[in-house]
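Student: Can you walk me through this one? I'm new to it.

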Amino acid sequence: QAPVITIDGPSGCGKGTIAAMLAERLGWHLLDSGALYRGLGFAAASAGVDLDDGEALGRLAQGLDLTFSGQRLLLEGSDISADIRTETVAAAASRVARHARVRAAMLGWQRDAARPPGLVADGRDMGTVVFATAALKFYLDASLNERANRRYKQLNDKGVDANLADLVDDLRERDGRDQQRALSPLAAAGDAIVIDTTTMSVDAVFAQVMDAVRR
Ligand code: C5P
């Protein structure tokens, strides 16, 4: 099996940015596992499937035509990369992610991404469940306020109206759901390198990650 580096952490901790930088630097594949859960959340909402119905969601997940084209996510061939980045889809993703059948259906797709020369996988349970035997694992964290602030700036830069207090509430609710669920809850693997990025720049975090990669 190809080598895997995992990067987990809560929403807005910067793992997506760091994972993309690392994959680019190493020339490895990149797996944004959150995009898969977002894609399923989006598909379920579009098809009117109840987000509490694990059985129906599992069936939907199994038959879902969800593929990556580079970093674009395609649902039945159409590009949904922009559609899945809303807070509504993020909330739907964290609701569908609670179900055992959904997580089982996702497992194969995710493991298939571990191809030569290597894979950088970002998510919530990459180091604890999906790639538990990965040689190198990171867990990025940051305070709730800092993560909401980053998200606020990101939305502002895109010209999207956002309310900071609402973002804090959304993140807190989603974190709670991700941490407290029975299956694959958000947690650092015992052998993960934990980095608190609250007061760090992206470059400083990347430098620390590269330091560990070179060892
Ligand atoms: O990382 P991102 O914010 O795109 O993930 C959206 C949601 O998908 C998360 O809140 C989480 O509930 C779920 N997820 C998951 N396991 C992963 C990645 C994401 O349960 N490996």
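This is a predicted model: local features need pLDDT of at least 70, side-chain atom pairs count only at pLDDT 80 or more; totals for chains, interfaces and linings use all residues.

Student: OK. What does the chain average for pLDDT?
Tutor: The chain averages a pLDDT of 95. 100% of the residues score at least 70.

Student: And what are the ipTM and pTM?
Tutor: The ipTM is 0.98 and the pTM is 0.95.

Student: What's the angle for α2 and α4?
Tutor: About 100°, and the axes of α2 and α4 are 8 Å apart. Angles of 65 to 115 degrees count as roughly perpendicular, so α2 and α4 are roughly perpendicular to each other.

Student: Which residues meet there, in α2 and in α4?
Tutor: From α2, they are G34, Y37, R38, L40, G41, F42, A44 and A45. From α4, they are V89, A90, A92, A93 and V96.

Student: How does that contact of α2 with α4 split by class?
Tutor: It has 10 nonpolar, two polar and one charged residues.

Student: Now α4 and α8. At what angle do they pack?
Tutor: About 15°, with the axes 10 Å apart. Here α4 covers residues 87-96 and α8 covers residues 164-180. Angles under 35 degrees count as roughly parallel, so α4 and α8 are roughly parallel to each other.

Student: Is that crossing of α4 and α8 left-handed or right-handed?
Tutor: The crossing of α4 and α8 is left-handed. E87, A90, A91 and S94 of α4 make the contact with D170, R174, R177 and D178 of α8.

Student: And how many residues of each class are in the contact of α4 with α8?
Tutor: Two are nonpolar, one is polar and five are charged.

Student: What about α7 and α8, at what angle do they cross?
Tutor: Roughly 120°, and the axes of α7 (residues 144-157) and α8 come within 9 Å. That angle makes α7 oblique to α8. The crossing of α7 and α8 is right-handed.

Student: Which residues make that contact of α7 and α8?
Tutor: On α7, they are L144, N145, R147, A148, R151 and Y152. On α8, they are L164, L167, V168, L171 and R172. By class, the contact of α7 with α8 has seven nonpolar, one polar and three charged residues.

Student: Switching to the ligand. How many residues surround it?
Tutor: 15 residues surround the ligand. The closest are G34, Y37, S94, A97 and G123.

Student: Which helix gives the most to the shell around the ligand?
Tutor: That's α2, with four residues. Helices α2, α4 and α8 each supply at least two residues of the shell.

Student: And the shell around the ligand by class?
Tutor: Five nonpolar, five polar and five charged residues.

Student: Where is E76?
Tutor: In the loop between β4 (72-75) and β5 (78-79).

Conventions
Residues are numbered from 1 along each chain as its sequence is written. Axes are lines fitted to C-alpha atoms, for helices over the stretch in contact, and angles run from 0 to 180 degrees between N-to-C directions. Angles under 35 degrees count as roughly parallel, over 145 as roughly antiparallel, 65 to 115 as roughly perpendicular and the rest as oblique. A crossing is left-handed if the near helix is turned anticlockwise from the far one by less than a right angle, and right-handed if clockwise. Two residues are in contact if their C-beta atoms, placed from the backbone, lie within 7 Å. Ala, Val, Leu, Ile, Met, Phe, Trp, Tyr, Cys and Pro count as nonpolar, Asp, Glu, Lys and Arg as charged, and the others, Gly among them, as polar. A residue is near a molecule or strand if its C-beta atom, placed from the backbone, lies within 6 Å of it. pLDDT is the predictor's confidence in each residue, from 0 to 100.
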